[in-house]
Amino acid sequence: MGKLLEEKRETEKEEILKPLEKVADELKENKLLGENMILNAAFLIKRNNEKEFDEKVNALGEKFGNRIKFMYVGPLPPFNFIKLSL
């Protein structure tokens, strides 16, 4: 991937993360699943913040229009935020 494209990807990733981090108690970035993906992350959010998080994701969807497709699921158990030592 070219340097300019990588810089653009990083800039847009930060534009997406910034408002969502404000609502989340914790954030974990996961591996990207393909070169077309900008961000793969899990957000730990209190139940009373779910509506605000949804609104922020919807606003980002409107901001980026057809250029970026947002896909997310939840609520899910907080398995991304648990560390097991065996």
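Which side chain meets that of Glu50 in a salt bridge? The partner is Arg47, at 3.8 Å from N to O. A salt bridge here is a side-chain nitrogen of Lys or Arg within 4 Å of a carboxyl oxygen of Asp or Glu. Glu50 is partly exposed at 29% relative accessibility, whereas Arg47 is exposed at 66%. In these terms, buried means under 20% relative accessible area, exposed over 50%, and partly exposed in between (1.4 Å probe, protein chains only).

The model is predicted, with local features needing pLDDT of at least 70 and side-chain atom pairs counted only at pLDDT 80 or more, while totals for chains, interfaces and linings use all residues. Residues are numbered from 1 along each chain as its sequence is written, and side-chain values use heavy atoms, leaving out hydrogens and water.

The whole structure holds 8 salt bridges, including the following.

| Pair | N to O distance |
|---|---|
| Glu15 and Lys63 | 2.9 Å |
| Asp25 and Lys46 | 3.4 Å |

Glu15 lies in helix H1 (residues 3–23) and Lys63 in helix H2, so their pair ties together parts 48 residues apart in sequence. Helices (H or I, at least four residues) and strands (E, at least two) are DSSP runs, numbered from the N terminus. Glu15 is partly exposed at 31%; Lys63 is exposed at 54%. Asp25 lies in the loop between H1 and strand S1 (26–29) and Lys46 in the loop between strand S2 (41–44) and H2, so this pair ties together parts 21 residues apart in sequence. Asp25 is partly exposed at 44%, as is Lys46 at 45%.
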